[in-house]
Each structure stands twice: as C-alpha cells, then as structure tokens.
Amino acid sequence: MTDQPIAATHPAQGGVTAARGFRASGVHAGFRKDPERLDLALVVADEPCACAAVFTKNVFCSAPVIVSRAQLGADQPGEPAYGTARAVVVNSGNANAATGEPGLEAARETARIAGDAVGCPASEVLVASTGVIGVQLPLAPFGIGLPAAASLLSAGGGADAARAIMTTDTRPKEAAVTFSGDGIGYDGCTFTVGGMSKGSGMIMPNMATMIAVLTTDAPVSAPALHRALVHAVNRSFNKVTVDSDTSTNDSCFLFASGAAAPAGASAFDPDGPAFARFQAALVEVCETLARMMAADGEGATRLVTVHVTGAANDTDADLAARTVANSPLVKTAVCGRDANWGRIAAAIGKSGAVFRQEDASIDIMGLPVCRGGLAQAFDEDEALRRFEQPEIVIDVDLGAGEARTTVWTCDFTHEYITINGDYRS
C-alpha cells in the first residue's frame, strides 16, 4: 500500500444510506408484539454491486449466517465471503438459530420473498436475523413486511432501518464520513462510507458485530472490499466486548456501489492511495459504531476504553486488554466508581501476556495509580469526580515491548442481570 499521507475524513449525515446508490426502510412486520416497534429492515442497492461480509465463528451459527455465507461464495466457515449482491434483509425478534433444516428453508425463502419485492434474483439477497435462539422463524411477517418495506425504500430510510434491527439496544447506531478523491486519481469526486449496527448484549465478536450493514459509493472490487472489511473489523468490532459472549448470528456486510465515481472509472487499486484513503474512512466508521455498541451495552452507564501499551507483541497486547475489559471485577468497580487498580493488575497478571510486574504501570482516567508494580498515592475525591465522565479510560503499560492495542467495553450493572434474567419473557 502507498506511503502517501491519508487525507482527513469529514463527518457526514446519515448512516447506511449516506452513500450514493443505496436506499433503505424499516417497518413493523409482526415479529414483535408491539405494533409501534419496527422489526424488519431492508437495505437495497440501486444496481447489483460488489459485496463482502464476515460472519461469526461460533460453531452454533444461525441459518441466516449459513445462507448468506453461501450466497457470497463461502461454502465453509472461514472462507472469504465476497461477490455481487443487491439487498440485505434483517429481522429482529427471532434469531433463526438452532432451528435445523426448517430454519435454513426459512432463510432461503426470505431471500426469495425479498427478491420478488425488490425485483432481483434471490441469489442477490443476503439475510440476517437477531433475537431469541431456538425458535422457528415465521414466514408470514416477511410476506407482509417485505412488500411494505420495498414500497418505502428511500435515501432517507436509513434511520428507520437502524431502529428496526435493534433488540435490547436503547438507541440506534449510525455513522458516516466522506473523503475526497482529489490527488488520488479521482479529482472532483467526494466518496462516502456509512453504516448501521446493532449490538448490546452477547457481544464479544469473533468476526464483526451482532449485525452491521456498511455501504460506500467508492468503486471497489469485491476481493479488495473483503480485504478492507477484514482489516477494519479487526481494528473495531473485534475489539469490543460487553460480556465476553460471541453471538450465533454475528454478520457484517459491506456494499460498494461505485456511484460517486465518474462513469467508466476503474476500481481503486488495492495498493494505491485511493484505496488507502477508503480504508481509513471505513476503519473510522467501524470504530465509531464499535464504540457506540460498547457504550450501549446492556444496562451500561459508562463506556470503558482499555489502552494497553508496552506489550511484547500484538497477541500479548490483545490478551491483556481483553482480559481487563472482560473482568467482572473491573467492570463492577467502574459501576461503583471505585478506582480499584488491584483488579486491573490481577486481570493483566492472569491474561497470559508476558511481562514483569515490576515493569507494569496503570493509570485510571489519567491518574497514576500503579508504577513499577507498586501502589501510587492518588486523590480519591478527584478519582470520584473523574468517574462521572461518560467514558472511563484505563491505561496499562506492560513495559515489555512496543506493541499496543485498544479494546472497548462497558460497566456491569444490576440492570444487566435484570435484562438477561428475563430475556425470553
């Protein structure tokens, strides 16, 4: 990839339909009892376009994951999934996971119904579901909801789509940025990357997030799109943990319409400056959505950002950061506004990362609490004041090398137990 400096991106309005060439809608189809709650999202490209996806690595994966993976040419788990697609359908309220052959048939039939509604082959439709596991997915709501959703498709429909994919989320999650094509072979062009995601519980993705749909109007080939998506996912969604559990339904789709490029323009060179600029924009959107997911963790009151530096290698950095972020003791301390650095020390000590305790340092909200493996005096009242911030930052320096990483999580509250104690009721 080029060493040319990457130009800054600019925030854009909207989400999954911010990029040109895409329309979306969200409707109540009947998967949920509340008629005021949207439960079916449809995102459609104006024309068939390049698409790539990544999916959960959970062996207990859902029927929509299996069907969509196959639609994009990945017959086996772990194979690169990319090709051409036109639309994606997402229902909430039912995961269609652990449903056997009837579940697979329901996912395939969903693609067929959507294709009829949109006007494209079923092979160009991807499907995703989120909700309760182990319950057969009814088809009647698709028969009613998809024609309605198709009739409401618009460039302004991304907000409704983002609301329709929510489960225990308290708010929709959307993001978009633009970047210029000046100086990289596409002078006068402005390209957009946008997207939506949902995820609040059962979140420690091992691919992407619970559900995410991303779009761009940049001209990117399907293989290059997959390369960019894997890179962005590993920098963002795979750095989120709410409760250390990986969903059966994790799916992340990325479409590229090329609609902002001049007619006949070539696709971005995967080793050129245009692709590098696109890659940076995609990472920014994914990181923004990832932070939104962590901040909206079930019952959460605080976003928690864990920075680990000084690790011997990338693996050790991730082990240390993820162990801190997953520690119930650390997460409950944040809930209680307690700068209990000993819990952080215990977490990195058991993580498997290689370091010496006498080289380790820990800061909480910018306050030095541990140096050289020993306690540092700090102002408890000042710590309490800093804990009132919406984002709690934990910095750990292992003193063992140059590798670093960041992981996002949230605090554990009584509300998390309440939500998950009666999830099916």
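Let's start in the loop between β4 (81-94) and α2 (100-118), where we find Asn96. Helices (H or I, at least four residues) and strands (E, at least two) are DSSP runs here, numbered from the N terminus. This is a predicted model, so local features need pLDDT of at least 70 and side-chain atom pairs count only at pLDDT 80 or more, while totals for chains, interfaces and linings use all residues. Residues are numbered from 1 along each chain as its sequence is written, and side-chain values use heavy atoms, with hydrogens and water left out.

Back to our loop. Most residues other than glycine have a negative phi. Asn96 is not a glycine, yet its phi is positive, at about 50 degrees. Ala98 lies in the loop between β4 and α2 as well, and its phi is also positive, near 60 degrees. Are these residues buried or exposed? Asn96 counts as buried, at 0% relative accessibility, whereas Ala98, at 43%, counts as partly exposed. For the cut-offs, buried means under 20% relative accessible area, exposed over 50%, and partly exposed in between, with a 1.4 Å probe and protein chains only.

Now, on to the aromatic rings. How many aromatic pairs does a search of the whole structure find? There are eight aromatic pairs. Rings of Phe, Tyr and Trp (its six-membered ring) pair if their centres lie within 6.5 Å; planes under 30 degrees apart count as stacked, over 60 as edge-to-face and the rest as tilted.

Take Phe22 and Phe255: they form an edge-to-face pair, 6.4 Å centre to centre with 70 degrees between the planes. This pair links distant parts of the chain, since Phe22 is in strand β2 (residues 22-27) and Phe255 is in strand β9 (residues 251-256), 233 residues apart. Phe22 is buried at 3% relative accessible area, and Phe255 is buried at 2%.

Next come Tyr186 and Phe268, with ring centres 4.9 Å apart and planes at 70 degrees, so this pair is edge-to-face. Tyr186 sits in the loop between β6 (173-180) and β7 (190-198), and Phe268 in the loop between β9 and α6 (273-295), so the pair ties together parts that are 82 residues apart in sequence. Tyr186 is buried at 9% and Phe268 at 2%. Ring pairs also join Phe179, Tyr186, Phe191 and Phe268 into a cluster.

While we are on β7, Lys198 lies in that strand and is buried, at 1% relative accessibility.

A cavity, on a 1 Å grid over the protein atoms alone, is a set of points where a 1.4 Å probe fits but cannot get out, and lining residues have an atom within 4 Å of a point.

Which residues line the largest cavity? Among them are Val330, Asp338, Arg343, Phe387 and Ile394. Both α8 (328-335) and α9 (341-350) supply at least two lining residues, with the largest share, three residues, coming from α8.

Thanks, everyone, and I'm happy to take questions.

Conventions:
1 Å grid on protein atoms, 1.4 Å probe; cavity = no way out; pocket = protein on both sides within 12 Å on 5 of 7 lines; lining within 4 Å.
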